[in-house]
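This report describes a few local features of one protein model. Look at the sequence and the structure first, then read on.

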Amino acid sequence: MTHAVEPVEYDVVVIGAGPVGENVADRARAAGLSAAIVESELIGGECSYWACMPSKALLRPVVARAEARRVPGLSGSVQGPLDTAAVLAHRDDFASHWKDDGQVAWLEGIGADIYRGTGRLTGTKAVSVTAPDGTEQRLTARHAVAVCTGSRAVVPDLPGIAEARPWTSREATSAQQVPGRLVVVGGGVVGVEMATAWGALGAQVTMLVRGAGLLPRMEPFAGELVAEALTEAGADVRFGVSATAVRRPAPDGPVTVELDNGESVEADEILFATGRAPRTDELGLETVHLKPGSWLTVDDSCRVEGTGWLYAVGDVNHRALLTHQGKYQARIAGAAIAARAQGVPLLETDRWGAHAATADHAAVPQVVFTDPEAASVGLTLAEAEQAGHRVRAVDHDLGAVAGAALYADGYRGRARMIVDLDREILLGVTFVGPGTGELLHSATVAVAAEVPIERLWHAVPAYPTISEIWLRLLETYRGA
């Protein structure tokens, strides 16, 4: 390794150039601050190449075909198999063929300096970057260092796991061939989306779920409807089972997973979708009196507690492990960094002000791109009750709305809103059904803006659209 050159000083140094880090750098530059951004892999991060974009590109043809099969006059034309090569090519296009030229050009266009290599804290406001060729560059920050390194998939430490070479979310979204048989371990978002995609492309899917249902962080009916659809599509969904060991005797042969009930399942590939861990192991946290490998606890401006200069934005703070929520945090953190750098008072007393990531607590939206889609924002009934709110859950059959009946024959879905009875506002909303992902933002606005129920009564949904579910929910609540 060559000796490090003299440190270069910036107003802000960002470690991690995924969507979150890019947005922190963008907000810093927009405020007139200089910014450096450090990345050890592809500029654009997990979302662009191994998560959001490739997974949704895989799922779009799957869901479109499923919905078309429910439309009279069209269903007969879409009964055949998907064009696997075209679907995978479509996915490759949306992953930019795992090249980051476009993302690099965007960062350069905003005036951020890019450092390729592994970034590591070496002390207060100090970062070292080890380039792929072993050379080292030291960076210092006048105002802030932002850790935006994201999270990684967790693979359980089971006997035989190394030899089995299991898929994680990365392999599941970038595989170039459809496995004949796929075991999916886990019933969360990654598990159900990848079971949906690869099952529709021809894999025989077996899901192994430790708990009693899918999508445990949503309302129970969301997981029930998705499980029902997966089963109807041919997946074998098993609840209350755990993997105890895996075996792949031949490198190119099948893999066998042993279960805690004494049974075993053989497949061509096995995907572990069993959680995430923060990418902070090799970050040098010990040099600033923090624990390596830990999630970083932050305030609502995303500043790490106990520091005046270190920010943790996105997955690493464990507030809401979603790309759009990380980008939201980046906008909040960028504004707070700029305000502090320029001596502008923060709006710390304003719960919904420019420097507080309040939506992380109160209005987190998420769409699961299965068939049917599951979309939610805010608190579930259980979460609201646990938080001590006096609430009422209002439910309605989504398929009973005229717009849903027009959307697809035999439309199945459900909607729920959680009403705070003391304040007469919504704390949460969940929709499950085809096409509900695009319905979610109306609910997000209602929850984040704390729109009174009596005012929502005057928000008239267009007829005949699926959004008429709002009227039906409100009528049910009012007893009208």
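## A hairpin

Strands β12 and β13 make a hairpin, with 4 residues between them. In the turn, G262 has a positive phi of about 90 degrees. Helices (H or I, at least four residues) and strands (E, at least two) are DSSP runs, numbered from the N terminus. The model is predicted: local features need pLDDT of at least 70, side-chain atom pairs count only at pLDDT 80 or more, and totals for chains, interfaces and linings use all residues. Residues are numbered from 1 along each chain as its sequence is written, and side-chain values use heavy atoms, with hydrogens and water left out.

β12 (residues 255–259) and β13 run antiparallel and are joined by 4 bridges; two strands pair if DSSP finds at least two bridges between them. V257 has V265 in β13 as its bridge partner.

## Two faces of a strand

In a regular strand the side chains alternate between the two faces of the sheet. In β13 (residues 264–267), V265 and A267 are on the covered face, while S264 and E266 are on the uncovered one.

## A residue in helix α13

A405 is part of helix α13 (residues 402–407). Is A405 buried, partly exposed or exposed? Its relative accessible area is 46%, so A405 counts as partly exposed (between buried, under 20%, and exposed, over 50%, with a 1.4 Å probe and protein chains only).

A405 and I466 are 61 residues apart in sequence. From C-alpha to C-alpha, A405 and I466 are 8.6 Å apart in space.
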